[in-house]
Amino acid sequence: MHIDIDLQNGFLPDAYGKHADPADCHGWSCRRSFPFEVNGIPAEAKALAFIFMDWDSTPVCGFPWIHWCAYANGPFDGTFSLADDASRKGADGLTQGYNSAAKSEPERGTGYVGPCPPDLDHVYTLRVVALDATIDLTEPFWASELVSAGRGHVIDEASIDMIGRC
């Protein structure tokens, strides 16, 4: 599998992070999710699960920050794509989970919450896994539940790193 995202020299476009238009933000966080496409999905894939993480946040907040976790059940016909702002606008078959703001700020704790590195540019990882079984989690769910639902069912995976501007 391969993930296609329109990055700018490795950087996530500002529209989806800390320097987004205030109309796309809720307080400190951008809520406008970036578009992406997954190609080369195996024919036997019944679901795709994805998690968007900031591993560089650990020194700042004490843990890796989950910016978005979601899944979609197939069929896929080899590709899957999410349009610009799919997290807020919704997308057919997209089921979203909690992000790391869920406990402290429930009003922004589900769906996409964009990169907002406080100290320096951070590297963010989007990981997508294809599963040989459908997922049946109720929205919203925790990332750990998504990982558990996919355990033993991963048939392919892809990831892409991108930089979020401080």
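This is a short tour of the model, from the whole chain down to two side-chain pairs.

**Ground rules**

The model is predicted: local features need pLDDT of at least 70, side-chain atom pairs count only at pLDDT 80 or more, and totals for chains, interfaces and linings use all residues. Residues are numbered from 1 along each chain as its sequence is written, and side-chain values use heavy atoms, with hydrogens and water left out.

**Stop 1: the whole chain**

Show the protein chain as a cartoon. Look for three helices and ten strands. Both kinds of element are DSSP runs, numbered from the N terminus: helices are H or I with at least four residues, strands are E with at least two. Starting at the N terminus, trace the order β-β-β-β-β-α-β-β-α-β-β-α-β. The radius of gyration is 15 Å, close to the 15 Å that the globule rule gives for 166 residues, so the chain is as compact as a globular protein of that length. That radius is taken over C-alpha atoms, and the rule is 2.2 Å times the number of residues to the power 0.38.

Along the principal axes, the C-alpha atoms fill a box of roughly 40 × 35 × 30 Å. Now colour by burial. Buried residues are 47% of the 166. Buried means under 20% relative accessible area, exposed over 50%, and partly exposed in between (1.4 Å probe, protein chains only).

**Stop 2: the five-stranded sheet**

Select the strands in the order β8-β6-β5-β9-β10. They form an open sheet with antiparallel pairing. Two strands pair if DSSP finds at least two bridges between them. At the edges sit β8 (94–96) and β10 (154–164), each pairing on one side only. From one strand to the next, the twist averages 20°. The angles use lines fitted to C-alpha atoms (for helices, over the stretch in contact) and run from 0 to 180 degrees between N-to-C directions.

Zoom to β5 (residues 47–54) and β9. Eight bridges pair them in the antiparallel sense. Pick Phe52: its bridge partner in β9 is Leu126.

**Stop 3: Arg127**

Stay on β9 (residues 122–131) and select Arg127. Is Arg127 buried or partly exposed? Arg127 counts as partly exposed, because its relative accessibility is 39%. Show what surrounds Arg127. Beyond its neighbours within four places in sequence, Arg127 is in contact (heavy atoms within 4.5 Å) with Ala49, Phe50, Ile51, Glu157, Ala158 and Ser159. Phe50 is 77 residues away in sequence, yet the C-alpha atoms of Arg127 and Phe50 are 5.5 Å apart.

Which side chain makes a polar contact with that of Arg127? Glu157 does, at 3.1 Å. A polar contact is a pair of N or O atoms within 3.5 Å; within protein, one must be able to donate a hydrogen and the other to accept it, and residues adjacent in sequence count only if both atoms are side-chain atoms.

**Stop 4: His153**

Move to the loop between α3 (143–150) and β10, and select His153. His153 is partly exposed, at 29% relative accessibility. Leaving out residues up to four places away in sequence, His153 touches Ala130, Leu131, Asp132 and Ala133. The C-alpha atoms of His153 and Leu131 are 5.1 Å apart. Asp132 and His153 make a side-chain polar contact of 2.7 Å.

**Stop 5: the three-stranded sheet**

Finish with β1-β4-β7, an open antiparallel sheet. Its edge strands are β1 (2–4) and β7 (79–82). Neighbouring strands here are turned by 15° against each other on average, direction ignored. Three bridges join β1 to β4 (residues 36–39). Click Ile3, then its bridge partner in β4, Val38.
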